[in-house]
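Student: Please take a close look at the salt bridges of this protein, and at one pair in particular. Please also state how exposed the residues of that pair are.

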Amino acid sequence: MQAVKITDKVYWVGAIDWNIRDFHGYSTKKGTTYNAFLVLGEKPTLIDTVKKEFYGEMMARIKSVIDPKKIQIIISNHSEMDHSGALPQAVAEIEPQEVYVSAMGMKDITAQFHQDLNLKVVKTGDRIDVGGDTISFVEARMLHWPDSMFSYLEKEDVLFTNDVFGMHYATSKLFDDENEERLWLYEAEKYYANIVLPYSDIVLRFLDQVTKMGLSPKIIAPDHGFIWRKDPAKIINLYAKWAAQAPKNKAIVLYDTMWGSTEKMAVQITEGLRQGGTEVKQLSMHSCHRSDVATELLDSSALIIGTPVLNSGIFPAMADVLCYLKGLRKKGLVGAAFGSYGWNGAPVDELTKMLEGMGVEVVAPAIKSLFVPDEKVLASCRDLGLTISQKIAEKLK
Ligand code: FEO
């Protein structure tokens, strides 16, 4: 296992998780990487570690360029276990003089490992000498955890951003200029939609702060996916676009179905949206993953949701995806609910309440069909699609 040179002094010493397909409920169809970085100099410094199962891979890569015992400093930018999981082993083997974390990082890592890891707290503006260069720290609270922190290697002009600007994308080609945009763009967007979206206001404020600080690093090195060395502005501009959540003439019709009745309604709502000139994605939870639904929702302006009634409740797959989407707090949506039932239609109305709970502007009462929808119900579904199209058009004026 070899380290990969990023600059004369900075090496990638992370791990590639080719086959992970579920990352705490997010479908990672292309795997991921856990990026860790080694800064060489008079005080060799390790920035972040990896998921604990990949400790051996990280250490092998470190050993390809330096005796790990020579590492004097470890920086842990983020305490989620895919980056801090190997920290106790690394501290035990390397015995660094200092382990730097944010204040919340101290709290989190202490609560995770319950052992003395010789942690020292740093805050925004603090700078440490790493022997021939300086690392300064910028706390990035809630991007995406309270402990999140960036580290900036000043002379080399490399900004280590932890999760931010990353993507779940396993690749042996570690740099942006080695990867084709058509292959990675969806994965970057999916990562933003599923991990960063709830903190979009903070992203916008943070990008503004970084601009005012005049920070324009030559290289951005996140802890997932590849390293931005050719065009770091590319991912910064994409984040600015995604965080703005500007409305687009696009809607999602999201549903599940038992015997096809709710699907018949979904088809007609989709048709109404199409006739209204709205781009639409009709997504059945029978075949879609919640994290792909979240990705489609990122640039959508409407969410129309449907369920059959099962055991006097909404369909379990709909409860799952709506719980997930609620946490992502997408802004600016209009929507409505629909569904079919046999003897108790009340659960379909629950969907309307769930939309309201998500902050969606509900434009019409739920459309309910007793068993199989007749032509009258299907016509009302088409009308709902048209109504929502018109509502989106008004918002786009
Ligand atoms: Fe990649 Fe928040 O961990």
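**A salt bridge and its setting**

Tutor: Glutamate 361 and lysine 391 form a salt bridge, with 3.1 Å between the closest N and O atoms; the term denotes a side-chain nitrogen of Lys or Arg within 4 Å of a carboxyl oxygen of Asp or Glu. This pair links distant parts of the chain, glutamate 361 lying in strand β22 (residues 361-362) and lysine 391 in helix α12, 30 residues apart. Helices (H or I, at least four residues) and strands (E, at least two) are DSSP runs, numbered from the N terminus. The model is a predicted one, in which local features need pLDDT of at least 70 and side-chain atom pairs count only at pLDDT 80 or more, while totals for chains, interfaces and linings use all residues. Residues are numbered from 1 along each chain as its sequence is written, and side-chain values use heavy atoms, with hydrogens and water left out.

Glutamate 361 is partly exposed because its relative accessible area is 35%, and lysine 391 also counts as partly exposed, at 24%. Buried means under 20% relative accessible area, exposed over 50%, and partly exposed in between (1.4 Å probe, protein chains only).

Other pairs can be set beside this one. Aspartate 292 and lysine 29 meet through their side chains in a salt bridge of 2.7 Å, N to O. Here aspartate 292 belongs to helix α9 (residues 290-297) and lysine 29 to the loop between β5 (26-27) and β6 (32-34), 263 residues apart. Aspartate 292 counts as buried, since its relative accessibility is 11%. The whole structure contains 26 salt bridges.
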